[in-house]
Amino acid sequence: MISRAGVSKHVRVPRLSLHVGVMTHSEPDLSSPYFSACLSGLSAVFDSAHLFVNPKEQSMDGYILLAPDVSQIEEVRKAGGPVVVVNGVVEGIPSVDLDNVGASREMTGYLVGLGYRRIGFIAGKMETSNGKDRLEGYRQGLADRGIPWDPGLVVEGRFSREEGPKAMEHLLNVASQPTAVFAANDHMALGAWDFLIERKIKVPESIALAGFDDIPEAESRGLTSVRQPLKEMARHAGAWLKDWMQTGRRPTIEVQPFSGEPVFRGSSGFSVNKNPR
């Protein structure tokens, strides 16, 4: 079982074992699909008893950065030693990340292929690499199909479900409403959908929706999304870290990209008779 050092009591293993600190934001929900997949991937490389989430005052042999905040990045930098990032890019640290630009570009092109031309975008946190890259992919996807970039159709939602309704309300109040909205994660897309239900606006008849991450609720609600191979990404990062700790050799690749998988469902108006080209 994964322990949270400093919270749960855990019998220390001999120092010949590799102790790995998994650094993330404070109080993560380890049972969530995101963390479950990532920790499962890491457990394929390390004994789960040697993985410590956000360890306090405990020496680690190496670190995995998993959706960390800025203070934790600085903490790990000061500690020194091997460290690898999963699902993000941090300058100067080897990273295993989704090709967010490519995945977002493909999803935008898919929506255009279904006939949508006014496509709004609910962006994530723009101070993060994922937030920036998914916005850039959206812009590229429009450019690929000759659709002009309209900054008025972009609103920041901070990757938060609570911001999804606010973002959707904003997009519905622009001079020329979008006919489809692509959100940089499923939480924002589902929040936007909740707002549309409240306003009795039908999806996809009146406005199409797409998200990113393919969380379980996306499947149950029929939300078109982008699936990330989180388990495999974490396993790859863990293998990098383990080799680094054992041999002292830093990975030679700075960023290892993985491809996302578009998952088409009813929220975007997808059907076998309306397949995008």
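Tutor: Start with pairing: two strands pair if DSSP finds at least two bridges between them. Helices (H or I, at least four residues) and strands (E, at least two) are DSSP runs, numbered from the N terminus.

Student: Which residue stands opposite Val86 in E4?

Tutor: Leu66 does. Strand E3 (residues 62-66) and strand E4 (residues 83-86) run parallel there, over four bridges. Tyr63 has Val83 of E4 as its bridge partner.

Student: Before more of that, what am I looking at?

Tutor: A predicted model, where local features need pLDDT of at least 70, side-chain atom pairs count only at pLDDT 80 or more, and totals for chains, interfaces and linings use all residues. Residues are numbered from 1 along each chain as its sequence is written, and side-chain values use heavy atoms, with hydrogens and water left out.

Student: OK. What is the strand order in the six-strand sheet?

Tutor: E2-E1-E3-E4-E5-E11, an open sheet with parallel pairing. Strand E2 (51-53) and strand E11 (255-258) are at the edges, each with a single partner strand, so one side of each has no neighbour in the sheet. From one strand to the next, the twist averages 20 degrees.

Student: How is that angle defined?

Tutor: Axes are lines fitted to C-alpha atoms, for helices over the stretch in contact, and angles run from 0 to 180 degrees between N-to-C directions.

Student: Are the two faces of E4 covered or open?

Tutor: Covered, both of them. Val83 and Val85 are buried on one side, Val84 and Val86 on the other. Buried means under 20% relative accessible area, exposed over 50%, partly exposed in between (1.4 Å probe, protein chains only). In a regular strand the side chains alternate between the two faces of the sheet.

Student: Which helix lies across E4?

Tutor: Helix H8 (residues 230-247) does, running at about 175 degrees to E4. H8 also lies across strand E1 (20-23), E3, strand E5 (95-98) and E11.

Student: New topic. What is the order in the sheet of four strands?

Tutor: E7-E6-E8-E9, again open, with parallel pairing. Strand E7 (154-156) and strand E9 (208-210) are its edge strands, each pairing on one side only. Twist averages 20 degrees from one strand to the next.

Student: How many bridges join E6 to E8?

Tutor: Four, between strand E6 (residues 119-123) and strand E8 (residues 180-183), which run parallel. Phe121 has Phe182 of E8 as its bridge partner.

Student: Helices now. At what angle do H5 and H6 pack?

Tutor: About 60 degrees, for helix H5 (residues 163-172) and helix H6 (residues 186-198), with axes 7 Å apart. H5 and H6 are therefore oblique to each other. Angles under 35 degrees count as roughly parallel, over 145 as roughly antiparallel, 65 to 115 as roughly perpendicular and the rest as oblique.

Student: Who makes the contact?

Tutor: Gly164, Pro165, Met168, Glu169 and Leu172 of H5, with Met188, Gly191, Ala192, Phe195 and Leu196 of H6. Contact means heavy atoms within 4.5 Å. The contact residues are seven nonpolar, two polar and one charged. Ala, Val, Leu, Ile, Met, Phe, Trp, Tyr, Cys and Pro count as nonpolar, Asp, Glu, Lys and Arg as charged, and the others, Gly among them, as polar.

Student: And how do H3 and H4 cross?

Tutor: At roughly 40 degrees, with the axes of helix H3 (residues 100-113) and helix H4 (residues 129-144) coming within 7 Å. That makes H3 oblique to H4. Their contact divides into four nonpolar, seven polar and five charged residues.

Student: What is phi of Asn54?

Tutor: Near 45 degrees, a positive value in a residue other than glycine. Asn54 is in the loop between E2 and E3, and counts as buried at 9% relative accessibility.

Student: What about Arg158?

Tutor: Arg158 has a positive phi too, about 60 degrees, and is not a glycine. Arg158 lies in the loop between E7 and H5. At 34% relative accessibility, Arg158 counts as partly exposed.
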